[in-house]
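Work through the exercises below with the model open. Try each task before reading its solution.

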Amino acid sequence: MARERSGRTAQHLVLVARLRHLREGAGLSVPQAAKLLGWHPSTLRRLEQAQTSLDVGQVSALLDRYGAGASETDDIMGRLNAANMPGWWHPWRDAMDPWLMDLMSVESAASIVRTWDPALVPLLLRTPAYAMAVDAALRPELDPAARRRRADLLVMRQRRLREQQARVWAVLPVTALRCRVGDGEVMREQLAALQEAAERRDVMVQLHAEDAPPHPLTGVPALSQYRVEIREIADHVVREGGLPGTAEVWDSGPPVQEYQAMLDVSCVMAMRPDRTREVLQDEYDRERG
């Protein structure tokens with residue numbers, strides 16, 4: 001049975017990774033395994049990519065064909081119901097761009113999210129009013145109700161990250177704080193929210209001064225890295241900056257490693273947290289005029 005489009009969950013990703021490892025451990029390629037099972041290769045590929053729900057009969061057949069032990073079989077079969085349950089974000093799919101639905105499984109299990117934005121306050125630290133003002137400017141096709149819905153989803157994402165004790169580590173240039181988004185009230189509220197966030201233990205905010213030398217993220221579009229402390233789920237990197245509502249997502253290979261290194265160096269070159277707090281106060285005072 002095809003999964004209703006709502007994105008994969010972390011539990012689902014873990015189980016399909018375990019099934020893939022069992023296949024590889026049995027020395028079978030996807031076409032070979034599919035032939036032994038009498039399936040079309042695309043059926044197995046979709047299952048291993050978590051694009052369909054985990055059918056009890058299919059999973060049982062896979063475990064048998066791969067020679068899984070009794071304890072592993074019982075463990076995997078016992079986790080199927082939870083893996084097939086929709087994520088908390090299921091009711092919010094109308095407010096999500098397609099790439100975000102699949103990323104939510106990773107965000108829901110992340111222990112740290114590192115984020116960079118060259119021109120704006122990073123998304124996960126935006127206030128609802130600031131987020132709606134950004135959408136009004138960059139996504140004019142969205143009506144006010146859609147912008148409100150997206151802002152409400154953002155609030156829920158922020159709340160969920162706090163509940164799972166994930167850390168948000170943001171780096172941005174000071175000039176991003178001066179980009180006029182909305183009216184003065186929107187800007188003052190956003191700067192005050194950033195000041196409060198910078199005092200929290202689960203948030204790190206770092207700034208690059210106007211006269212700072214170039215760093216590895218100079219000129220790079222908005223970027224986020226998700227670190228998950230679950231062996232079966234790889235770190236993910238998301239880079240926005242193309243057409244509105246689109247993003248490039250990587251979960252392996254050089255892009256993930258290279259962007260992590262760029263974030264590392266950029267953070268080393270950024271202001272110390274105590275200096276960041278001073279600058280945030282200065283920017284708030286400037287906005288108040």
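Predicted model: local features only at pLDDT ≥ 70, side-chain atom pairs only at ≥ 80, totals over all residues.

**Exercise 1. Helix 1**

Task: Compare the span of helix 1 with the expected one, then find which helices its buried residues pack against.

Solution: 
- Step 1. Helix 1 covers residues 10-25, which is 16 residues.
- Step 2. From first C-alpha to last it reaches 22 Å. At 1.5 Å a residue, 22 Å is expected, and the two values are close.
- Step 3. List the buried positions. They are Ala10, His12, Leu13, Val14, Leu15, Val16, Ala17, Arg18, Leu19, Leu22 and Arg23.
- Step 4. Look for their partners. These buried residues pack against helix 2 (30-37), helix 3 (41-48), helix 4 (56-66), helix 5 (70-78), helix 6 (80-84) and helix 7.
- Step 5. Check what follows the helix. Gly27 comes after helix 1 and has a positive phi, near 75°.

**Exercise 2. Glu107**

Task: Decide whether Glu107 is buried or exposed, and name its contacts.

Solution: 
- Step 1. Glu107 belongs to helix 7, residues 98-107.
- Step 2. Apply the cut-off. Buried means under 20% relative accessible area. Glu107 has 3%, so Glu107 is buried.
- Step 3. Leave out residues up to four places away in sequence. Glu107 then touches Arg157, Leu161, Gln164 and Tyr226.

**Exercise 3. His215**

Task: Locate His215, classify its accessibility and find a polar partner for its side chain.

Solution: 
- Step 1. His215 sits in the loop between strand 3 (203-208) and strand 4 (223-228).
- Step 2. Its relative accessibility is 10%, so His215 counts as buried.
- Step 3. Again skip residues up to four places away in sequence. His215 touches Trp116, His208, Ser266 and Met269.
- Step 4. Take Ser266 from that list. The side chains of His215 and Ser266 make a polar contact at 3.0 Å.
- Step 5. His215 and Ala270 are 55 residues apart in sequence, and their C-alpha atoms are 8.8 Å apart.

**Exercise 4. A helix pair**

Task: Describe how helix 10 and helix 12 pack.

Solution: 
- Step 1. Two packed helices are described by the angle between their axes and the distance between the axes.
- Step 2. Read both values. Helix 10 (residues 184-198) and helix 12 (residues 273-288) pack at about 165°, with axes 10 Å apart.
- Step 3. Classify the angle. Angles over 145 degrees count as roughly antiparallel. Helix 10 and helix 12 are therefore roughly antiparallel to each other.
- Step 4. Assign the hand. Helix 10 passes helix 12 in a left-handed crossing.
- Step 5. Inspect the interface. Residues of helix 10 including Met187, Leu191 and Gln195 meet residues of helix 12, among them Arg277, Leu280 and Tyr284.

How values were computed:
Residues numbered from 1 in each chain as written. Heavy atoms only, no water. Helix = DSSP H or I, 4+ residues; strand = E, 2+ residues; numbered from the N terminus. Buried < 20%, exposed > 50% of the residue type's maximum accessible area, 1.4 Å probe, protein only. Contact = heavy atoms within 4.5 Å. Expected span 1.5 Å × (residues − 1). Polar contact = N/O pair within 3.5 Å; in protein donor to acceptor, adjacent residues only side chain to side chain. Axes fitted to C-alpha atoms, helices over the stretch in contact; angles between N-to-C directions. Parallel < 35°, antiparallel > 145°, perpendicular 65-115°, else oblique. Left-handed = near helix turned anticlockwise from the far one by under 90°.
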